[in-house]
Amino acid sequence: METLGWGGILLAILGRFWPVWIALVLTFAVSARFRRRLGLYGRLYDSTIGMVGFALVMFWVYTAVFAGGIVTHDVLGQVSQLRNDPPGAALPDGAGFYLLGGDHLGRDVFSRMVAGSRIVIQIAPLATLFAFMVGITLGLPAGYYGGRLDTGLSFLANLILAFPVILLFYLLVTPEIAETGLPQYLAIVLFLFPLAFLVVLLNARYHVQPARRNWMVAAILLIGGWAYLSLVSAPGSRVAVLPAAVDLIDVPSNILIVFVSVVFVNAPTVFRIVRGLTLDIKTRDYVAAAQTRGERPWYIMLWEILPNARGPLIVDFCLRIGYTTILLGTLGFFGLGLSPESPDWGSTINAGRKLLTIAPHPAIVPALALMSLVLGLNLLADGLREESLRD
Amino acid sequence: MLAFLLRRFLTMVLTALCLTFVVFFLTNLPPNLEKLAKTEAGSRITDAEVASWLEKNGHARPLLARYGEWLGVVPGWTRSENGVTTGRCIRQGMDPATAPRFCGVLQGDWGRSSFFKAPVAEKLGYHLGLTGILMFWVMVLMVPLSLLIGVLAGMREGSRLDRGLSTFSIATTATPEYVSGVILIAVFASSLVGLKWFKGTATGAMEQVTFDNFFLPVLTVALYGTGYIARMTRASMTEVMTAQYIRTARLKGVSFGNVVLRHALRNALIAPFTVIMLQFPWLLNGVVITETLFSYKGFGWTLVQAAGNNDIPLLLGCSVVAVFVVLVTQLISDVGYVFLNPRIRIN
């Protein structure tokens, strides 16, 4: 078989993404139809920038979802004849093409890029969500109560922020540190926050209806506590609380370190934002009204202040997912945490950069993928900001 | 003002102490020390030999004592065995009686790099100098470029120029150094496009800085920060442009160019000053990535080597420098903001 030309490559790639196109068209058609009833999300369709950003983000989300059907070859399969071959190279046995060429080990660049999206889309939003839970749970009381609590927590946050991120990664994400169990201890502390957040949230709201509150909190404690325990404990490591039979969620230790360190780096910034917003909002009249009614502090923080801070927080959430994606790429770029064979974008850029002047495509493809996702998130955040400022 | 400075300074010292202690703790964990013993005394030694090596070299003492020794506030350990006295502060061939009691960072003794086999202070000084050159050119490129973009975008909010420049700013903030560096090398230095205008490595720039071996790394570091500073400048500029005194000046008949240059610019540049100062820690990350990508042996490269080779004294030295840079820029930005903005008073 002959090698494909650029036109052929483009057509073939567009064809491979067919489930993504269908899903995108459906999403946009349905959302645009009902946009007047969808609140802030619906108003996104009034802003071109926001729509472009949302399309880019959803493209990668759907790619991650349908990655199994899009990849053309095995992510780890090596064909030695196609080492560093340019895009469109045909396989020697005639079983198709390497649409975007082969890397330095003869693996398919296109399939690795598609499979890499799955890792980013799995880790980045979840890690950002955890960082938000930590930041909100600590930032609200720091801003609301002020005083010693605020001084102490702010000092801690500034301490972490004064660490250059890369130095922190090099200190935290090493096999030696993993041996001491430190990431798991960090996970124990950090993963406790979402649980605490949910319990306090519901308790504050349904405090006056004890029967309802009791079964809700019990359900959260049961399900969340079990998820929490099976997340932090890993059989055979330092923290093995749960027996292997009940331990359903098994996160590989290197992914856990990456996850924990990314949450750890992001949480102080979220804390500062939430604290600032709380300081501003707590002077409003409706907060004073709630205080006069005799509402308890956590109810005011979680059900009066937090909902009114949601605009800036949603915008920052989008931006922060992008930043987390960049951080994940940085970790991969320095070969920290993720295994070198992993198809995530940072690791592939790292592997491809050594031959950059001879065969740039193995590094360019994941680099462009990462850039388009982060760009999409930034544009989406920009659109959301514009639309939320409008009212 | 003096009380404010003093309080800031004390907080800074406390932060520095905490941070260096955390770094010290993380680099001196038992697995790190075991690895150190194995690289120094041979990789096939038994656990007992590792323990005795650590004991002999003063690594088996309590963590706080070792931190104090490294800092220079606790006397260095000494040890007499078979009539030979060894110690932290006793160099080879030195008379134990005349050796100093304290030898830590405070005394200017940064220790000896176990990977490069050279004093840390000397090593750091050389590589920091190289990074200094890089940072200088980054600043020369980044600051005027970003301020120009921000002011141009912010002077007429919502115009086509504003839309275009804002999109450019968003695009650069979405492009981390390892992406822009890879793209720049592929476009300007590889055989793919065939431009080959610049060199893909900056190794030559360590001897002699020329345009074609240094432009790409400088641009790579500068681009990521440019978008951010430009956006801050734009926000500040749009705010100033809606102020009453700008409208007054326009109604008086001052030309638009004069209003921007004489009336708006000065007030619009206060906020970006803080942002530029706070960019230093970010640039530090960029420098590490870029130096690795372009194999320029500066501070970032040293940090990566130190961390990758378990070189504890060098890594500690790097952390001290990094933490120092971050804290000092924070202080300068705070103090500078107060000086630049007469509306803020500290009491």
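How many residues of chain B are in contact with chain A, and how many residues of chain A do they meet? In this predicted model, 41 residues of chain B are in contact with 35 residues of chain A.

**Stop 1: the side of chain B that touches chain A**

Select chain B and turn to the side that touches chain A. Helix 1, helix 2, helix 6 (160–173), helix 7 (177–188), helix 11 (270–293), helix 12 (299–308) and helix 13 (312–340) of chain B each give two or more residues to this side. Now colour these residues by class: 30 are nonpolar, 10 are polar and one is charged.

**Stop 2: the two domains of chain B**

Next, colour chain B by its division into domain 1 (20–107) and domain 2 (121–346). A distance drawn between the C-alpha centres of domain 1 of chain B and domain 2 of chain B comes to 41 Å. Where the domains touch, 11 residues of domain 1 of chain B are in contact with seven residues of domain 2 of chain B. On the domain 1 side of this contact, helix 1 (2–27) and helix 2 (30–41) of chain B each supply at least two residues. The residues on that side comprise five nonpolar, five polar and one charged.

**Stop 3: helix 10 of chain B**

Select residues 256–268 of chain B, which form helix 10. This helix has 13 residues, yet its end C-alpha atoms are only 15 Å apart, whereas a straight helix would reach 18 Å at 1.5 Å a residue. Where does helix 10 of chain B bend? Centre the view on Arg262(B), where the bend is about 30°.

Then display Val259(B), Val260(B), Ala264(B) and Ala268(B), the buried residues of helix 10 of chain B.

**Stop 4: the nonpolar cores**

Finally, show both chains again. The largest nonpolar core has 170 residues. Those with the most contacts inside this core are Val134(A), Leu190(A), Val263(A), Leu331(A), Leu373(A), Leu377(A) and Val182(B). Helix 6 (residues 109–145) of chain A gives the most to the core, with 21 residues.

Zoom in on Val263(A). Leaving aside residues up to four places away in sequence, Val263(A) touches Ala127(A), Phe130(A), Ala131(A), Val134(A) and Leu190(A).

Notes
Residues numbered from 1 in each chain as written. Chains lettered and ligands numbered in written order. Predicted model: local features only at pLDDT ≥ 70, side-chain atom pairs only at ≥ 80, totals over all residues. Helix = DSSP H or I, 4+ residues; strand = E, 2+ residues; numbered from the N terminus. Expected span 1.5 Å × (residues − 1). Bend = angle between axes of the 7 residues up to and from the residue. Buried ≥ 20, exposed ≤ 12 C-beta atoms within 10 Å, placed from the backbone. Core = buried A, V, L, I, M, F, W, Y, C linked by C-beta atoms within 7 Å. Contact = placed C-beta atoms within 7 Å. Domains from an automatic or database assignment. Nonpolar A, V, L, I, M, F, W, Y, C, P; charged D, E, K, R; others polar.
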